[in-house]
Amino acid sequence: MAVCVAVIGKDNSPLYIGGIGNDTSTDNELSRQWLVHTALDALEERLASTNTNNTGANTNAARTDLRDLYLGLLYSTDTHKIYGYVTNTRIKLVLVTSSTSPSGSNIRDAEVRTALRRLHALYADAICNPFHLPGDQITSLKFDKQVKNIMLNNV
Amino acid sequence: MATQPSDYTEFPPEIILKPLALIGLSGLDAVNNAIHKEIWDAFSNNRRADRTPVRFKLLNNTFEFPVVKPKRNSYEWYIPKGVLKKNWIHKRVSLIPAVVVIFYDMDWNDPQWNEKIIECASKVQSIRAAVEGHATRVAVVVIQSRLSPPPSEYMLGAERAQALCAACEIQSKSLFVLPHSDHLMGYIVRLENAFYDIAQNYYHHESKNIKQHRDHLNKTTHQYLFVRHQFKLGYLNELKQDLSTAHKHYMHAYNNLLETRIVDTNTHEVRTVAGYINYKLCKLLFALNLPRDAIAQLKSHIERYKNRIGSTELLFEHYAWIARQYSAFGELFDEAIRAGLPAIQSQHPGFYYQHAAQFTVKRRQAMRSVCAEAMAYPPPPDPLEGIVEFYGQRPWRPGRLSADPHDPQKEQAAVLALQYNERIFNHSAMIISFLGSAISQFKTFHSPRMRKQLVVEMANEYFYSADYGKALTLLTHMLWDYRREKWWFLASHVLNRALQCAYLSGKIQDYLQLSVEALSKHMQVPNNDKDRIYRNIMSVLNLNIPAAEPDLPAASQHKALELWQSAIEKEPLIIPVDMANISSFLEVKPKFKQPRYRMDEIIELELYVRLLYATVLEVRNAFIAISSQTETIEIPVIDEGNSIILLQGEKVKKFVCQFKPNPHDSGSDLRIKSVSFVLDNDRKRKIVLNFKIEGSKVTDSTIHPELLHFIRSPKADYEFDSIVPLTVASITSRDSKLSLLVTNSSPALQGEWFPSIFTITNNEDSQVYDIKITLSLLSSPDNPNPDSVTELSMKEGEPQTQPLYLQVSSLSKSSSHANTFFLKTNRTATATVQIKVSYYIDLPEITKLECTKDFCTKITVIKPFEVSTNFVAMNFNPITKCFVDDPFIVMPQIKILSPWDLLIVDTELEVIECFKTSDSIKPLSCITNLEVAEKNVASDAVCIQAKYKPKDNPTRVGLYNITWRRKSNTSHCVMSSTALSALPIDDCPVAIEVKYPQVVELLTSVPLKCTLFGKCSTPIRLTLTVEGTDAYMFSGYKKISVTIPPKGKVELCYNIHPLVAGNTTPPRLKASIIGDTASQELVSEMFDKIFPQNIFVMPKYNK
């Protein structure tokens, strides 16, 4: 289903970027990172607009209640579609599908939503590790394996 | 926008130009005739968007209209040679006017009317002859100098206008009069609209003509004509400003073009024309405010033509064409936005410029694959020379439609020529230009990261075009952003490219800075070869040329070597590297051992250094810069007495620095400004690694200090990660060992000069000197602004300016100094006096150290007494008001509150204006020289009377001044003043004086004489009755009416005879006033008050 999944911290630094592609060469990794990095523009814009909508009394409560964590399709290029998801602690999850592959182009919104929810759960599990320092990159092999599973699951 | 790079795909100007109806103006001599020039300027200048969409052209006498082609009656044998003729639009927009307007100077009442009308008619005729064959309309404007014709000539004007129309053979609606007057602009605007109407009519007529051709066409041979005619209709409608009809016709043209058969020979023509039509379509859709449709049109356009590649030898032309489609659309989009169209982050012109850049990259790739052999331009004759009649046709085979090339050799030469041109084309400049446009758009539409990516691509483009300096500048800026957001992979990519640029441009400073950063653990370098980079740094330090970076373009390597050879031994020899802002292989954490140091302590500083790269780094010299208020000092870092420091890779080293504080820095903060390491190999060149320490950025924001303990750094590393740097330490003054004792007899009394003795004792180990003592008042919440009501002095009774300064030259060990200060305050609150002692002391480690010590003493201030007042009548009955000229007694009562015994020296009542003392001589106070103790009450009594009734009742009777002192203090008296409360004054028309004895004997007659005085200027009539009692008999009038003359008096005499002994009420007189009832009450009150309530009757003793 997905070709790339990224977890990005609240300061916009990458915590985890995983991708499945035909090769793991530098060029592929580079284009993947560019793609995720530029997706942050759309993500931030989306977050800024939801915040201004919810200003008022007890903003915090309202925001967490009203805002759907899943942000939907952020933008699409000729080759890829990029979906976003933001946790309450402003951890951003990005999922990239390929519009050229048959499984990627016909993906339904609900599937992406489910996948990102599962990714959120996995992330929560990963940072529960007492030896993990919040803000550090996620190096857990288990996490990596499970995330790759999500990506492959629906291919 | 003129910034777009040009090549053969660029749209011709007539396609881009906005079509405007063309109107020719003839008969205007704009050079020699001032009036004509003014008219021409009014037409041609300031053609803003709100004016009529027409274009004016000044036609001179020599202007020639294009020759009309013979009308074709049948298309049966006609085969079109191409789709769109190149000169058709040009003719429409600048050669064939829709209307020719002939200007002629003529007044209706011109004396030479007949000659003029003939001349005008001939001019019209000559124009008619010139436009022969075109349907161009003709109109006449008569320029008249007179403001307006007088009414008598109105008829004449109408007549002559008709005559003129007849002479010129024009309709009357084509004749206009232009009075040359003040309102020229208004007339011009109206004329413009009239011309525009005629022009629209003309274009409508023209398009009808073209529509008629349609019936003669057939689809097999005339497919091109379907396109051409629809395009012409579209264009004519555009000239007519009928945009939606124009769009409809262009759409037909576009669809007809799609149906044409495409072969290699006409691919270029078809896609060129398709591009123009698509451009027109998109432009119209934007103008019709249908941006979504415009975007959809472009998408389908690209989709349709994406695979119509044509000949593979000229593949690059296809990509060039696509790139141009995108960039032209970007420009249209951008123009629409500037005209007010809103755009969003996900849909703006930037994306189209980006696509244009991407396809230009593809174009270059295609060029590389197909143009490799095109090493030279083909020999003459030049196949690209020649004029083509149709858009998009090849000069070497103009107007040919057959699919097979008729001359293979010529064809081959032409392809070679195109390939060669493409080979020498500067693709990078074009890509950079497209990227530049895209970058500014992405910046506008809130996409900073997209912009960064494009900037990096732009830098790459500069790299490919060997402009390493520009590439390096761009990359170093971008590196900063990626580093800040910790996208290390991207940062590494940028860094490696930047390092290549720095090497190739031979910039030592940048090269070293980037190399140092490349050694960071976060950065990935090609082949993971950090040793190479480390060796390069060392080479530069040893004045050797560093090894080349991998994957460099071979062409630039030689030049780079030359650059290095000339630069390596030259300035800059000392290269500072800013380490704080880069991710580096060396980490430092400086830390003051304590957050606070006293002046007489040695300041200790710890410095932890971690080298993350596995090597042994020899640091020749290291120092820490520390700044204070006054100066910045550099503290050398010393490793076990050795100034050369060896740092082991992957290890943490700790250094301790010590220094003495500067005596001037007392009370201020010390800050660690920077830590610097100097690398030096005795070869002139030095590298200074500077760590700037910023106070605000002490800890890494992502790592929470409380979590630092979880980092599993080796214990041997001093737990580097969990060290929290402390970069600010405050210097406080040394603890003083002086003591102070204040003795006084508190509480102080309000208003007195209160003495306090303070004694300073030197408990230091040595003599102190230059002692300065400052006394000042401190404000407190319950006593704000104490200096406004409180005086301080060293002398009793003499106020001095605050604060008070005292100087004592020296005070030897264990001796003391005593002094007295006085405080006088008018506020009953606690006064706080600060005694600040500053002095110098010579300590073994520091000489002449300034020390200060503050002492505070609090003095409670209370009131010495309280004064209250009673008012009584002469008979000591309390009263609540007094009458004019009626004496009464004021009794101030002084209640003593002071815990100390006081002596009241004297008292005095100062009455206000409307009172006076009843005694002619001012009496002595009854309580002079009276000693009083706490809770005693001293009563005074003063008899006063009102002089007159003032307008407003007075607020007080007067000031009561008490002069007093403490019983113990013999020298100084204090005068306290208290305002005594007021008593209302009333004015009674009569005054009464009653004379009677206080005590009488039983059964003895005594006289009771009552005198009534008139107080006002009119006589007063009173009815008097005597109210008798059982205790007395009396003689005299029981009821009488009296008249008291003004300022006169009436005496009444009675004899009273007491019948019983004891306290008795004597007979009393009651009065009622006759006439003036207003003062009745006052008079009754007065009588009540004056007549005695009781008289004591003594029993008669029998002798």
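This is a predicted model: local features need pLDDT of at least 70, side-chain atom pairs count only at pLDDT 80 or more; totals for chains, interfaces and linings use all residues.
**View 1. Three-stranded open sheet of chain B, in the order β44-β42-β47.** Pairing in this sheet is antiparallel. β44 (1039-1044) and β47 (1068-1074) of chain B form its edges, each pairing on one side only. On average, neighbouring strands are turned by 30° against each other, direction ignored.

**View 2. Pairing of β42 and β47 of chain B.** Strand β42 of chain B covers residues 1020-1027 and runs antiparallel to β47(B), with seven bridges between the two. Within this view, Val1026(B) has Leu1069(B) of β47(B) as its bridge partner.

**View 3. Helix α21 of chain B on the three-stranded sheet.** The helix, residues 1080-1090, packs on the sheet and touches both β42 and β47 of chain B. The direction of α21 makes about 165° with that of β47(B).

**View 4. Four-stranded open sheet of chain B, in the order β33-β31-β36-β37.** The strands pair in the antiparallel sense. At the edges are β33 (930-932) and β37 (974-981) of chain B, and each of these pairs on one side only. From one strand to the next, the twist averages 35°.

**View 5. Pairing of β31 and β36 of chain B.** Strand β31 (residues 902-911) of chain B and strand β36 (residues 956-966) of chain B are joined in the antiparallel sense over nine bridges. Opposite Val911(B) stands Gly958(B), a residue of β36(B). In general, strands of a sheet pair through backbone hydrogen bonds, either parallel or antiparallel.

Conventions:
Residues are numbered from 1 along each chain as its sequence is written. Chains are lettered from A and ligands numbered from 1 in the order in which they are written. Side-chain values use heavy atoms; hydrogens and water are left out. Two strands pair if DSSP finds at least two bridges between them. Axes are lines fitted to C-alpha atoms, for helices over the stretch in contact, and angles run from 0 to 180 degrees between N-to-C directions. Contact means heavy atoms within 4.5 Å.
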